[in-house]
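Me: I would like to learn how to read the features of a model such as this one. Please take them one at a time, general idea before particular case.

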Amino acid sequence: MSTPLFSSNIEVNFCDTVINFFELSNRAIINCAMTDTAILHKHIYYGMHFGVEGERPINCLNQQELILKKNTMLVIAPGEYHYSMPSDVGLGTIVLKMTIRKTVHSEHIYDTLVERLNKLNLQVHPIGSDLIQSTLALTRARSKSPEDSCLLKTLAYKMVYDLLKELRITPTIAEDTSQSSSAMDLIALEELINTGRYTFKEIADLLGYSTKQTYRMILKIYGIPFRELRKRRMLEVAKKLLHDAPGMSVSDVARIAGFKTTTSFHKAFREAEGCTPAKYREKN
């Protein structure tokens, strides 16, 4: 049995842009072609290095030496790069590895995030304390509470929110709400929608907004009403089950995904995919 490429995966769906944080097996980074000052690294993920204390030099081929200091961030985008780091680089730094995936319904968040991270590639940039603190919290929770998926996802949402805010691409919660929006508002909204257990009215009540404010908030962030957003998320769950659980009946897939009846599931699936769930399973 081959060693999996990624492990300890935390997946968050942030405004229909899917971000995975993970630990790596040795197959995920290939080191080769030693030079006098650097090693050729082949990355298939985004490496995010955060300076917490002290200074760490990073040597990049044909570039001036970079210094990772406190409250700075180094981004290494997917690709092949010659660089080397000190053996104690893990001291005083936090390293997060993540992939970013675009869904069918992703809008500007995905494109802007990838564009801006790529522009920061192999450069050290100053960052605010919010991003450092949320990254620290996520890293500590992964070490101390690796089985607490709810806690890890909540902290991952907070870290992503702070990263987007740092890159100035944070989506804005409805402008006409009487309360000031916060990171936790958006995190809670994502969590409540993704559980699939709450009605629109219950989500509004739990967030502390009126139904009108919540409707406008969802429309502003996602570009579609709550009913359509919920259906899309349910269909994403259903497609994953059809692919990953070939022995599961279509009626069970419909029930687990959150559809009230198999008939309504068939209708929604055909409208979205142009085929029945059974045909989709055969093709995938």
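Reply: Start with contact, which means heavy atoms within 4.5 Å. This is a predicted model, in which local features need pLDDT of at least 70 and side-chain atom pairs count only at pLDDT 80 or more, while totals for chains, interfaces and linings use all residues. Residues are numbered from 1 along each chain as its sequence is written, and side-chain values use heavy atoms, with hydrogens and water left out.

Me: Which residues is His49 in contact with, leaving aside its neighbours within four places in sequence?

Reply: Its partners are Leu68, Thr72, Met73, Leu74, Ile76, Met85, Ile94 and Val95. His49 is found in strand S5 (residues 46-51); helices (H or I, at least four residues) and strands (E, at least two) are DSSP runs, numbered from the N terminus.

Me: Is His49 buried or exposed?

Reply: Buried means under 20% relative accessible area, exposed over 50%, and partly exposed in between (1.4 Å probe, protein chains only). His49 has 9% relative accessibility and therefore counts as buried. In the protein, buried residues make up 45% of the 284 residues.

Me: What does Lys102 touch, not counting residues up to four places away in sequence?

Reply: Lys102 touches Tyr110 and Asp111 on that count. Lys102 is found in strand S10 (residues 93-102) and is partly exposed, with a relative accessible area of 41%. For the protein, residues 24 or more positions apart account for 64% of the contacts with a separation of 6 or more.

Me: How should I read the side chains along a strand?

Reply: In a regular strand the side chains alternate between the two faces of the sheet.

Me: Which strands pair with S6?

Reply: Two strands pair if DSSP finds at least two bridges between them. S6 pairs with strand S7 (residues 66-68) in the antiparallel sense over three bridges, and the partner of Pro57 in S7 is Ile67. S6 also pairs with strand S9 (residues 79-84), again antiparallel, over two bridges; there Asn59 has Ser84 as its bridge partner. The secondary structure of the protein comes to 10 helices and 11 strands.

Me: How do I read a phi value?

Reply: Most residues other than glycine have a negative phi, and most peptide bonds are trans. Asn71 is not a glycine, yet has a positive phi of about 60°. Asn71 is found in the loop between S7 and strand S8 (72-76) and is partly exposed, with a relative accessible area of 29%. Leu122 also has a positive phi, near 55°. Leu122 lies in the loop between helix H1 (108-119) and strand S11 (124-126) and is buried, with a relative accessible area of 8%.

Me: How is a pocket found, and how much space lies in the largest pocket?

Reply: Rolling a probe the size of a water molecule over the atoms shows where empty space is left. On a 1 Å grid over the protein atoms alone, where a 1.4 Å probe fits, a pocket is an open set of points with protein on both sides within 12 Å along at least five of seven lines; lining residues have an atom within 4 Å of a point. Grid points are joined across faces, edges and corners, and a volume is the space filled by probe spheres set on the points. The largest pocket holds about 900 Å³. Its lining has 30 residues, with Glu11, Arg233, Glu236, Val237 and Lys240 nearest the centre. Helix H7 (226-244) gives the most to this lining, with 10 residues.

Me: Where should I be careful with the coordinates?

Reply: Where pLDDT is low, the predicted coordinates should not be read in detail. pLDDT is the predictor's confidence in each residue, from 0 to 100. The mean for the protein is 78, and 79% of its residues reach 70 or more. Among the elements, strand S3 (residues 30-32) has the lowest mean pLDDT (37) and helix H9 (residues 262-273) the highest (94). Over residues 24-36 the pLDDT is below 50, and this stretch has 35 contacts in the model beyond near neighbours in sequence.
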